[in-house]
Amino acid sequence: MSYAELAAAARGTIGPHCRACPVCDGRACAGVMPGPGDKGVGRVAEKNWRAWQALSVNTDTLHEPFSADTSATVLGRELSLPVMIGPVGDVQRHYGDVYDTMGYNRCVLEAAAEEGTLAWTGDGLDASIMTQSCDLISELGGAGVPTVKPWDDATLMRKLDEALAAGPAAVAMDIDAAGLPFLRGQEPPAGAKSAEKIAEVAARCHDAGSRFVLKGVMTAAAARRAAEAGVDAIVVSNHGGRVLDGVPATADVLPAIVAAAGEKVEVLVDGGIRSGLDVFRALALGARACLICRPFVVAAFGGGAGGRARLPGAAAHRARRHHGDVRRARGGQDRAGRPLGLAHVLLVTCAAMRPRRPAGLIWRQYCGCGQNL
Ligand SMILES: Cc1cc2nc3c(=O)[nH]c(=O)nc-3n(C[C@H](O)[C@H](O)[C@H](O)COP(=O)(O)O)c2cc1C
């Protein structure tokens, strides 16, 4: 099943807030919360998506043929592709009754594990959500990333320990969730966390043999503080626009954050990534891997047992097919101020924007081999 077919099937089963659009671009559900939309005037989800589309991709087919390989090492694991399924909490409330959060987590954790990648699970006011998802991750040999909210200290440490006991690929915290409307004034309380607290959390994860990821980093300064605090990875994310209206698109802040994060921190990104081509764009801007979130909910509602596992595979297929290079509109110059002529394709752009990884490698992995375009 293609994604368009999955979305069409979901239209019969998904709740009233989500239109299960053929391209999940944030337009039909702008401002719809509860539901899958974004906060306030509701333009951030769409802005995320548009920012990837604005990055031009060019072709250069004059090279030796080779086989494309989308595998990637992320959070210390070998994944079949640098795409993971992002966390969604409170699924029933936002998408309707077919899946509760637990059912949805089971669906994506199993689907991701079958495809050789990872799903992340969300957290909520109901403590059983974390308990159940950690049980499942443990059953799957740690193939998952439980994402803990920035709760008050006692709750945070209790949930961290619960997550660590599952032996997961990593434990994450969506630090930006403190701004979610659904958590305001609730029990347990959630709020901002200092760099010292993050360092304590990272150390606790390391002591337990796990990596720690901070999700919701949107500035270079925050990336530097996260790196100093000892986090292993960050997710450049604005929570799909659900936390604060008017924030920039993740694609627009990604290059500066990659530069600030330093060599030791893996930079992941989410927000409006919808195709293999968008994955390619994100990698070309310096991300190690991406998270895709809302489309997997639609796929789960539309696909049932047959369709739900296919989306990561479909993204990999598209990524392999994308044959080209990325030229970011930077006034025609690379970072060092050298002019970017039309012939200075991927290699120049990636060398300038993604110093950690040889540009040729990205080329080999994502540009395909010139066949079956
Ligand atoms: C309904 C809904 C629930 C979400 N719940 C969580 C959550 O529990 N934890 C979290 O870290 N992010 C959560 N997110 C944010 C996503 O993980 C992701 O950052 C965001 O949707 C952007 O990715 P996308 O554009 O691919 O959807 C949620 C998003 C939606 C739409």
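**Strand 6 and its surroundings**

Strand 5 (residues 120-121) and strand 6 run parallel and are joined by two bridges. The model discussed here is predicted. Within the pairing, tryptophan 120 is found opposite valine 145 of strand 6.

Strand 6 also pairs with strand 7 (residues 170-174), again in the parallel sense and over two bridges. Threonine 147 has alanine 172 of strand 7 as its bridge partner, while valine 148 stands opposite methionine 173. Together with helix 6 (residues 153-165), strands 6 and 7 make a right-handed β-α-β unit.

How do the side chains of strand 6 point, and are they buried or exposed? In a regular strand, side chains alternate between the two faces of the sheet. In strand 6 (residues 145-148), Val145 and Thr147 point one way, whereas Pro146 and Val148 point the other way, and all are buried.

These pairings belong to an open sheet of eight strands, arranged in the order 4-11-10-9-8-7-6-5 with parallel pairing. Strand 4 (83-85) and strand 5 are the edge strands, because each pairs on one side only. Elsewhere, helix 8 (residues 220-228) lies across strand 8 (211-217) and strand 9 (233-236), and runs at about 165° to strand 8.

The model also contains a ligand with 23 residues around it, of which Gly89, Gly122, Asp174, Gly240 and Cys293 come nearest. The shell around the ligand consists of eleven polar, six nonpolar and six charged residues.

Methods:
Residues numbered from 1 in each chain as written. Predicted model: local features only at pLDDT ≥ 70, side-chain atom pairs only at ≥ 80, totals over all residues. Near = placed C-beta within 6 Å. Nonpolar A, V, L, I, M, F, W, Y, C, P; charged D, E, K, R; others polar. Buried ≥ 20, exposed ≤ 12 C-beta atoms within 10 Å, placed from the backbone. Helix = DSSP H or I, 4+ residues; strand = E, 2+ residues; numbered from the N terminus. Right-handed = clockwise from strand over helix to strand, strands pointing away. Contact = placed C-beta atoms within 7 Å. Axes fitted to C-alpha atoms, helices over the stretch in contact; angles between N-to-C directions.
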